[in-house]
Amino acid sequence: MTADRLGAAWVDGAAVLYIGKAAGQNGLKQRLADYRRHGAGLLAGHWGGRYIRQLTDSDALLVAWLPMTEDDAGEAEQDLIDEFKELHGGALPFANLRNNARRAAATGTDID
């Protein structure tokens, strides 16, 4: 991954670098473990970790979560991404590499 590619993904002024979801009894714990593993170059099912690990202060970043009561965590995730995009001129958070495909299909929007 090139510095140009990372620079193009960076969103000036954004406090949020990634928006994701986790489900199930060990969902958040497992999702964060996958995120760290992939960012460290190990096999894991989380591609966004590779962008975060390029930051010199990645070990000092804050992880925050919001417990959801909605039935569809994917819809809640996309709502947060959409809100971020509204605030930041259509840009995705730094480590979100694409829009939610299910939401894009339902709304007729493009997948990044």
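## Exercise 1: a ring pair

F94 is buried, with a relative accessibility of 4%. Keep in mind that this is a predicted model.

**Task.** Find the aromatic partner of F94 in the edge-to-face pair, and work out which parts of the chain the two rings tie together.

**Solution.** 
- Step 1: Look for the ring that F94 pairs with; W10 is the partner, with 5.1 Å from centre to centre.
- Step 2: Check the geometry. The planes of W10 and F94 stand at 70°, and an angle over 60 degrees counts as edge-to-face.
- Step 3: W10 sits in the loop between α1 and α2, while F94 sits in the loop between α4 and α5 (101-107), so the pair joins parts that are 84 residues apart in sequence.
- Step 4: Compare the surroundings. W10 is partly exposed at 38% relative accessibility, whereas F94 is buried at 4%.
- Step 5: Widen the view. The structure has two aromatic pairs, and ring pairs link W10, Y51 and F94 into a cluster.

## Exercise 2: salt bridges

**Task.** How many salt bridges does the structure hold? Describe each one, including how exposed its residues are.

**Solution.** 
- Step 1: Count them: there are two salt bridges.
- Step 2: Take K21 and E77, whose side chains meet at 3.4 Å, N to O.
- Step 3: K21 belongs to the loop between α1 (3-9) and α2 (27-39) and E77 to helix α4 (residues 73-87), so the bridge ties together parts that are 56 residues apart in sequence.
- Step 4: Read the accessibility. K21 is partly exposed, at 36%, but E77 is buried, at 11%.
- Step 5: Turn to R53 and D59, where the closest N and O atoms are 2.5 Å apart. Here R53 is partly exposed at 30%, and D59 is exposed at 68%.

## Exercise 3: a nonpolar patch

**Task.** Which residues make the nonpolar surface patch of about 310 Å²?

**Solution.** 
- Step 1: Name the members: L28, V63 and W65 make the patch.
- Step 2: Patch residues need over 30% relative accessible area, and V63 is partly exposed at 44%.

How values were computed. Residues are numbered from 1 along each chain as its sequence is written. This is a predicted model: local features need pLDDT of at least 70, side-chain atom pairs count only at pLDDT 80 or more; totals for chains, interfaces and linings use all residues. Side-chain values use heavy atoms; hydrogens and water are left out. A salt bridge is a side-chain nitrogen of Lys or Arg within 4 Å of a carboxyl oxygen of Asp or Glu. Helices (H or I, at least four residues) and strands (E, at least two) are DSSP runs, numbered from the N terminus. Buried means under 20% relative accessible area, exposed over 50%, partly exposed in between (1.4 Å probe, protein chains only). Rings of Phe, Tyr and Trp (its six-membered ring) pair if their centres lie within 6.5 Å; planes under 30 degrees apart count as stacked, over 60 as edge-to-face and the rest as tilted. Patches are made of residues with over 30% relative accessible area and no salt bridge: like charges are joined within 9 Å, nonpolar side chains (Val, Leu, Ile, Met, Phe, Trp, Tyr) within 5 Å. Accessible areas come from the Shrake-Rupley method with a 1.4 Å probe; for residues, only the protein chains shown count as cover.
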